Amino acid sequence: MKAKIGIYVCECGPNIGETIDIPRVLETIPALEGYEDVELVPKSFGLLCSPAGKEYLAKEITDNGFTHLVVAACSPRDHNSTFIGVCKEAGLNPYLYKIINIREHCGWIIHDKEAATDKAIQYIRSGISRVLYQSELFERQLEITPDVLVIGGGIAGMEAALSLASHDRKVYLAEKTGELGGKAARFASLLPRQGRGADVIREKIKAVEENEHIRVHLNTELESSIGFLGNFEVVLAGNGDDEKTDLKVGAIIIATGYRMSDPGSFTGYEYADTDEVYSSLEIERMNGGEGIALRSGAKPASVALIHCVGRQEKGYCSRICCNYMMKIAGYFKKQSGATKVTEFFFDMCLPHKADQEFFDHSVGLGIDFKRVKEIGLSGTSVEFAETGGGKQKMDFDMVVLASAMEPSEDTEALAGLLEIDLDERGFFKEAHQTTDPVATSIDGIFVVGASQGPRGVSDSMLLAQATAGRIRCQLKPGGKIVPEVKVSEIMEAYCTGCRTCLEVCGYGAIYFDDQKGISIVNEAVCRGCGNCFGSCPSGALRTKHFTNKQLYREVTEALK
Amino acid sequence: MTEKQQEREFTPKIVGFLCNWCTYAAADLAGSTKLEISPALTVIRVMCSSRVDHNLLLTTFFEGADGILVAGCHPGDCHYGKGNYYARRRYAVLKKVMEGLGLEPERLQLSWVSASEGNRYADVVNAFSEKIKALGPNPINGRSDF
Amino acid sequence: MSHHESVVVVGAGLAGMKASLMLAHAGKKVHLVETLPIIGGATIKNEESFPNLECSTCLVAPIQQEVLQSPDIETMTLSAVEKIEGDKGNFTVTVRKAARYVKIADCIGCGMCYEPCPVSVANEWEENLGERKAIYVPCAGSLPNVPAVDKEHCLKLSGKQECNACVEACMFGAVDLDDKDETVNIEAGAVIVATGSGMFDASSLPNLGYGKFPGVYTPFEFERLFASNGPTLGEITIRDTGKVPAKIAIIHCVGRKEQGYCSGVCCMYSFKFAHFLKKKLPEASVYNLHSDICVPDKSYQKFFDGVKGTHTEMLYNSSMEDLKVSSNGAGLKVVYLDEAGAEREIDVDMVILSVAMVPDEGALGLAEALGIERDARGFFKVLDEGIVSVESSREGIFIAGTAEGPKDSQSSVIQAEAAVGQVLAFLESCRPEAAEALAEDLKA
């Protein structure tokens, strides 16, 4: 069939109408060389994006039976979607249309009308040349499963499970240990309010256990996972037995939490295991049990709480230590008002609106806050210098260290298994730190709680809810997903199997077919950036709608 | 080409591959602010600067471009994460190839222009087209016999 | 019980836009209500955002475009919620749309109307550092790229004199000076409040000299001064004098004591400013006068370490009350007490006041209109501050972003996503089937 291309120049009122000689453009097009086999139909219209313009254009497409369409108008950022809509309505595959930006790239920036007109003609020629090499592309709909796997049964994982489980969405909750609740289950109270504590966690555990749409797998870890958003196939393995569970899930939520770094690994903290030096988690355990006591069983009369242990070495502030140390100071004061509690801090980090109030309350309890510029620990003897003061030494019955939070021990292995990125500190890396904080580098895999970075209980729950929000939007029960159409593909015959493209793809969209010895693009995951194309040494890649031929035509025509 | 056209001073042909997310938006901003920009430049929109491979660049030179500008997001700002870093790395290699072809490496420029930098976009394009004008015509124009 | 599946989102900043897009993807109809003539919120005032110094426009413009082009999002600019009636799942939200005097459907954003307008007034969006016409877009690159007429200053609309300059300049008949305010009622199942926050009024602390000395700036003033699409096209020069500053003091914690909380973001933007200053004025001396350094995200310390010493000298200021900015004739003098309580003095050309984030000035009115509570600080109250941070005191209304309290962009987005999750769950629970299922469960 002979190609018949409609070429519509939008006057955009005076914006193109007065900056470009449209009659000259229209005269030039039919006389273009090299298009003897193509029927070129150039026309102009006042304002193509107006309701009248859209109606006109749709009718023109249908009446003339165009095989391709070029619209010379404004920036694609303004109205590409408008004209794609017109094409669809008129039954023309939108990938056989191209918008040419003769306003921002000609009329508005080339202030000599003749020159602007020449440039516009050149752009339109390029567009005509390119559009002839464009192909029809079709949106695909993929079936999905709405079910979700949560890895980690701490507060973040339980909250994610509870936020998602419903009659049409099953949640599988895999917990490595033999019980739910995580570290927070030991806490007597939760920040920022001192009122409620472990009862909140107990309520959550009960709610999870009673929820018929949540299946809890204790003593279980992830063994393998393949797939993509909406379609993951995972295998869970019992860590005490050989039991394997195969699951199909649409999304995976990582909620593996944190651990406290070892204070002994940081310079300046010298103490023996038998010294009365404890971590905040150990104090939580004592406080929730028999009460906080020295190894002798006696209650401590003086306690030093040291903030920021390992902050400098780790290179980050753990966000919640200032607050939980004040909470722990409160435990001591509650146990005995006579206990002398001294908090050594560098910077008081109180980023939540209610934190200052908590600090003021703690000051009111008679806790002695000392701002220091240096500190060292030897047994339970603290050597320090306050800001603006000299070195001093104080001895205490007991010392509590707020050691930096670090990723839990499974983090690296899990990241490797799921092929997602870690940040330079070893926490899971967000898809985008600001605009996409719960997603990871692989669509459909999310990270919540302190495995994404140091966080407290309430923030961890919020991240879990945010992830639930994302999954509810992306994976509706009974719904489908529509992947990007302008994706990469690999021409098998040309692929040498060098795997360069696997390394450069930021989305894990390319996998290697061991049997064929070639790379394969998973079109459901590809976002169409073309980075793999730029990396391929053998020319095996094609980027749909941005193919070599299409771009060559555009370039060559422009340079004629 | 008519004699009259030949008499005119050399007007370079420059192809600009602009990333859809940052620099293309900057070009729009320059347009809507009505800044004057050299007509020497022809813009080709790509989704990411990392899509622009060596073949495309060399073909563009063989077809007669006197200069090529590849412009994308600032390092760290890439819409796709790290595409622009890859682009930068690849061009370092290509510049060596260009030398071998007798093509001045300055004819290929990689610039970072963000979406709010309409003025900078205009400056970058105008300065590049002055630079190419001073370099003169592309010595390998049409020489696909390489 | 009848119910609605659509959602009203109040505020089109980062949190409101993200929430709207997510809800639209989930198949909901969204009514996005914004008081300004443009969408984008506070983020688009910043050239670069911390900690990765990414171009804010590059991050936000695609989101703005997607919002404006989504068929499921009705963006209502120059609009404010007046009242809400009904019950959870079945609200009627009354929105007052102020006249724009430019028809969005007809305007193509060519900007031909600005030039002929004879009025010139200070541009409040540019923190009054530049001027605009009575028909205007706040800055180049505004979205929607459609001007609005400021009826207070327009000669014709304010009744000062007959003028039709913009009407005549528009080739599309898009300017309509007869446009009227209108009130619309929206049926909605739930509401998300994402109206953002305001900035502490630095002029309320006279010892800091804001409003008195031209060299004293607020954070947003400095952001616009640095922005390449701002009033000086990104040149850092002091207002009135046009002088390029050689020494700059950035003062942390302005308003912290008065407000009773740390805003959690000021340290970071202060360090960002140090980076901005050294980028454009490598010879300049920059001082950060700080107390507690609050860098609570895993990546923030690294940013701080990257500027400390190299981009800025860190000076400990032990008492905000004793800090005083005054004139030293040619420039400014900052007197403060150091860590030992000794008085110190530095001479500078420019002072930037890192002020606290405070509740938006419209928060009280909106709280009354929506029948939701505010906390003691004036931010919107959430049901249980310690446990869940998105449900307001009224069922069916949710809070996201800095409307709930000071926070960084990441936390705003997290809250927006959480709010969407809760809204979707809530709408499901309002469906008659859900009520029936619950009744059956109870019976069983």
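**Helix packing and chain contacts in the predicted model**

In chain A, helix H7(A) passes helix H8(A) in a left-handed crossing, a term used where the near helix is turned anticlockwise from the far one by less than a right angle. The structure is a predicted model, in which local features need pLDDT of at least 70 and side-chain atom pairs count only at pLDDT 80 or more, while totals for chains, interfaces and linings use all residues. Residues are numbered from 1 along each chain as its sequence is written, and chains are lettered from A and ligands numbered from 1 in the order in which they are written.

Helices are DSSP runs of H or I with at least four residues, and strands are runs of E with at least two, both numbered from the N terminus. H7 (residues 155–164) and H8 (residues 198–210) of chain A pack at an angle of about 45 degrees, and their axes are 10 Å apart; axes are lines fitted to C-alpha atoms over the stretch in contact, with angles running from 0 to 180 degrees between N-to-C directions. H7(A) is therefore oblique to H8(A), given that angles under 35 degrees count as roughly parallel, over 145 as roughly antiparallel, 65 to 115 as roughly perpendicular and the rest as oblique. On the side of H7(A), the contact is made by Ile155(A), Met158(A), Glu159(A), Ala161(A) and Leu162(A), and on that of H8(A) by Ile201(A), Lys204(A), Ile205(A), Ala207(A) and Val208(A), residues being in contact if their C-beta atoms, placed from the backbone, lie within 7 Å. This contact has eight nonpolar, no polar and two charged residues, where Ala, Val, Leu, Ile, Met, Phe, Trp, Tyr, Cys and Pro count as nonpolar, Asp, Glu, Lys and Arg as charged, and the others, Gly among them, as polar.

Chain A as a whole has 17 helices and 28 strands. Its C-alpha atoms fill a box of roughly 100 × 60 × 45 Å along the principal axes.

Between chains A and C, the contact takes 51 residues from chain A and 52 residues from chain C. Elements giving two or more residues to the side of chain A are helices H1 (14–17), H4 (76–90), H12 (355–364) and H14 (457–474) of chain A, and the largest share, 11 residues, comes from H14(A). The residues of this side divide into 24 nonpolar, 16 polar and 11 charged.

Chain C is also in contact with chain B, through 17 residues of chain B and 17 residues of chain C. Helices H2 (23–32) and H5 (118–135) of chain B each give two or more residues to the side of chain B, whose residues divide into six nonpolar, eight polar and three charged.

Methods: Contact = placed C-beta atoms within 7 Å.
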